[in-house]
Amino acid sequence: MRLSSKKSPLTWAMHISVVVLVALWLFPTVGLFVSSFRTADQIANTGWWNALFTQERQAPAIRISGDESVVDGEFVIAGNLFDSDKVEISKWGTSSRAPNAFVPGDVVDVGDGASLTVAADGGFRLSGPESFGDSRLPRVFTTATAPPEFTLQNYRFVLFDPGNREGMAKAFFNTLTVTIPATIIPIVIAAFAAYALAWMRFPGRALLIAAVVGLLVVPLQLALIPLLRLHNDIGIGKGYLGVWLAHTGFGLPLAIYLLRNYMVGLPRDIIENARVDGATDFQIFVKIILPLSFPALASFAIFQFLWTWNDLLVALVFLIDSTGETTVMTKQIVELLGTRGGNWEILATSAFVSIAVPLVVFFAMQKYLVRGLLAGSVK
Amino acid sequence: MHPALQGLITIIVGVGGCIGYFYFSNQFLDRVLFPASGKHAGRNINRANRIRPWLFLFPALFALGLYLAYPVFATLWLSVTDRNAGGAFIGLGNYRQMLDEPKFWEALGNNMLWLIVVPAFSTGFGLLAAQLTDRISWGNIAKSLIFMPMAISFVGAAVIWKLVYDTRPVNQDQIGVLNAAWLGFDGGPFSVLVLQIVPALVLIVFAAFLAYGVFQMARSLLRGGQSHSATSRLGLVLRAAFAAVAAWVVWLSLGSVVSLLSAKLPYGEPQTWLTIPYWNSFFLMAVLVWIQTGFAMVILSAALRGIPEETIEAAVIDGANPFQIFFRIKVPQISGTIVVVWTTITIVVLKVFDIVFAMTNGQWETQVLANYMYDKLFRANDWGVGSASAMTIMLLVTPILAWNVYNARRETR
């Protein structure tokens, strides 16, 4: 609606409200994302919103090290405390009791006649009358402003470290193994049923459609115990086969409902013409309906993919046994919340590994997702 | 066998099996059972066509029956039997035991709160976002960002929000956004204004809005009660129920206003948000509202676009201001869609499990029915009470189920 063409205060208020709304909705996710690129130490000391700016903070103690040389009859060790040359020290000290005792440039006596000076850029010079040999060199405490610093270390640890038993690599592949068959198989089954419900005439059709609509909202909580017992009785037990079957069953109502609604809207003429030309229902379905229904198939595929990828309950009940070999990412993260509740660098990274794939799918195929939502609920 | 390989084989067997089944069963029907040739060709074609729909439907019906319909009855049966007594029938014993547990009432009470707060706020924010984003140039980008949490798992969202709610000791920097913001308030007039007076005003406006709705509904019920035909009796009952719930919510929000204004807030102390009884449920609900708002926005935005332009133009010519256009012209025209969005989110809320499971696991009085049920089934191993609580969820879903089926029947007729 472009009835008010001039920029009224209301238009500005609208822009500002949307900015606020979007910021509110984005803020929590961005927090996790930023945190996954920070070190444990950074996360524990400052809020993630500080990570984007140059900030002044007290760095952990650094013990001086370096090669000794002799200059003008004095033994000297010189070097730089930091790898980065963008750090600027504002205060420093040599004991944890007074970490801010000196300013850059001060020359400080550190005992045994030795003296230490630290420059603003982190360069230090330790000099003394005797060789330092194997003695412990002093520690330096610094308060410095450092530019934003990010690391991929967390991802390396969570995904590729073979020594990390809580890593996400295995859970990632397990999730993938659950997801792909659980997405494809219901589509095939539902497509045939949806065609029958949309284009074939038989007694009881309306009743079946109503039943599907009813089953759409049946909570899957009801299915847990009876089906687990059934799976145990027929020998499937807990495992991939069980979880695939369960996801197929639970996904079918939505699949049939979405696909039927879409197929009903296809032009009647095409189908009638094909019938007149002697095509069987099977041919009509495979050659005409299926290709034309691609948007609906894609919509459901995205739904089912997101749902199975993000699922926790079905995996807990039907898949994950006591060995934990078949754990999925959602379960792994819940475990981490229990055991590593304070290690935000691991939690954030693990969570982001599991969120990343759905987010990519979401942004790549948003069009179909929206279309599916509209077909699935406004009817 | 490697699971990935197993998965690949399953895809091939599953998909191939399905297609093979459909192909060969059709061939069998047409060639062997009722061949479309010979003496009875015409009759055979008719017979085959009568059977064919069921060939197409069979796998789906079988899976639906086994995985969704059968468990409803099996769970119903489990809920009236005792597992320890070898599955003997004990009537309502499990239900009685469940009703005696305070944890159950806590879960039920919390669920009721969830059922009101989450759909209301998701739909409200969704409507607001839809209305605002539809009228600005970068609206589509804004929409897709607000919609994004839909793709995030409940568990992922739980981690995201746990970071928001994180608490550090008083002498350290706060790393949770909420505590950092909270410590920005010092208890001065500004804090009182932002944290007490403004929310109280919002609540009062909300309650007034609802009270007005209840009043309208009650009036139409009293006035038109007799003249309605039999078909709208269901609608009448629903409206009465709706009015009763709304009246209760009005009462609840007015109570909250009083407690909000009289509360002494502990300024300067970092809060462990998830352990404050009663309010912690709201912090969990915020997570679901955050996820569901995008859904509401997408659907409502489509509905808003479907409103005939003439009605709005007519209102503008009559001198309506933007707020009047929104509340008096637009909202009434999309009320059907609002109901659909509301009920869909209600269903999601009733099944909510992951968020509570991952964030508090029902501690500090945040229990909800789905998590209570999981506790009973898999921790306490009490199938009877677990099934009874599952049936409670089913009972709460049933009105919506009936309503959906009723609408679907009306449309297909």
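This briefing describes the cores, domains, sheet, salt bridges and selected residues of one structure.

The structure is a predicted model, in which local features need pLDDT of at least 70 and side-chain atom pairs count only at pLDDT 80 or more, while totals for chains, interfaces and linings use all residues. Residues are numbered from 1 along each chain as its sequence is written, chains are lettered from A and ligands numbered from 1 in the order in which they are written, and side-chain values use heavy atoms, with hydrogens and water left out. The largest nonpolar core has 211 residues, and a search of the whole structure finds six salt bridges over all chains.

**Nonpolar cores**

- A nonpolar core is a set of buried Ala, Val, Leu, Ile, Met, Phe, Trp, Tyr and Cys residues joined through side-chain atoms within 4.5 Å.
- Buried means under 20% relative accessible area, exposed means over 50%, and partly exposed lies in between (1.4 Å probe, protein chains only).
- Within the largest core, of 211 residues, the most contacts are made by A:Met263, A:Phe318 and B:Trp114.
- Helix 4 of chain A (residues 169–199) gives the most to this core, with 17 residues; helices (H or I, at least four residues) and strands (E, at least two) are DSSP runs, numbered from the N terminus.
- A second, separate core has 17 residues, including A:Leu81, A:Val108, A:Ala114 and A:Leu116.
- B:Trp114 is in contact (heavy atoms within 4.5 Å) with B:Pro119, B:Ser281, B:Leu284, B:Met285, B:Leu288, B:Val349, B:Val352, B:Val356 and B:Val368, leaving aside its neighbours within four places in sequence.

**Domains of chain A**

- Chain A is assigned domain 1 (9–50), domain 2 (55–146) and domain 3 (157–377); the bounds come from an automatic or database domain assignment.
- The centres of domain 1 and domain 2 of chain A, taken over C-alpha atoms, are separated by 38 Å.

**The sheet of chain A**

- In chain A, five strands form an open sheet in the order 2-3-7-6-5, with antiparallel pairing; two strands pair if DSSP finds at least two bridges between them.
- Strand 2 (68–71) and strand 5 (107–109) of chain A are the edge strands, each pairing on one side only.
- From one strand to the next, the twist averages 25°; axes are lines fitted to C-alpha atoms, for helices over the stretch in contact, and angles run from 0 to 180 degrees between N-to-C directions.
- Strand 2 and strand 3 (residues 74–80) of chain A pair in the antiparallel sense over four bridges, and A:Glu68 stands opposite A:Ile77 in strand 3.
- Two residues lie between the strands in the hairpin of strand 2 and strand 3 of chain A, where A:Asp72 takes a positive phi near 50°.
- Strand 6 (residues 115–118) and strand 7 (residues 123–128) of chain A also pair in the antiparallel sense over four bridges, with A:Val118 opposite A:Phe124 in strand 7.

**Salt bridges**

- A salt bridge is a side-chain nitrogen of Lys or Arg within 4 Å of a carboxyl oxygen of Asp or Glu.
- A:Glu335 forms a salt bridge with A:Lys331, the closest N and O atoms being 3.4 Å apart.
- A:Glu335 and A:Lys331 are separated by about one helical turn because they are four residues apart in helix 12 (residues 329–339) of chain A.
- A:Glu335 is partly exposed, with a relative accessible area of 44%.
- B:Glu106 and B:Lys103 form a salt bridge (3.3 Å, N to O).
- B:Glu106 and B:Lys103 are three residues apart in helix 4 of chain B and therefore separated by about one helical turn; B:Lys103 is partly exposed at 32% relative accessibility.
- A salt bridge (2.9 Å, N to O) joins the side chains of B:Asp134 and B:Lys143; B:Asp134 counts as partly exposed at 22% relative accessibility, whereas B:Lys143 counts as buried at 10%.
- B:Asp134, B:Lys143 and B:Arg305 are joined into one network by salt bridges that share partners.

**Two further residues**

- B:Glu101 is found in the loop between helix 3 (93–99) and helix 4 (102–133) of chain B.
- B:Glu101 is buried, with a relative accessible area of 17%, and is in contact with B:Tyr372 and B:Lys376, leaving aside its neighbours within four places in sequence.
- A:Arg275, in helix 8 (residues 268–276) of chain A, is partly exposed at 33% relative accessibility.
- Not counting residues up to four places away in sequence, A:Arg275 touches A:Tyr195, A:Trp199, A:Asp281 and A:Ile284.
- A:Arg275 and A:Ala348 are 73 residues apart in sequence and 57 Å apart in space, C-alpha to C-alpha.
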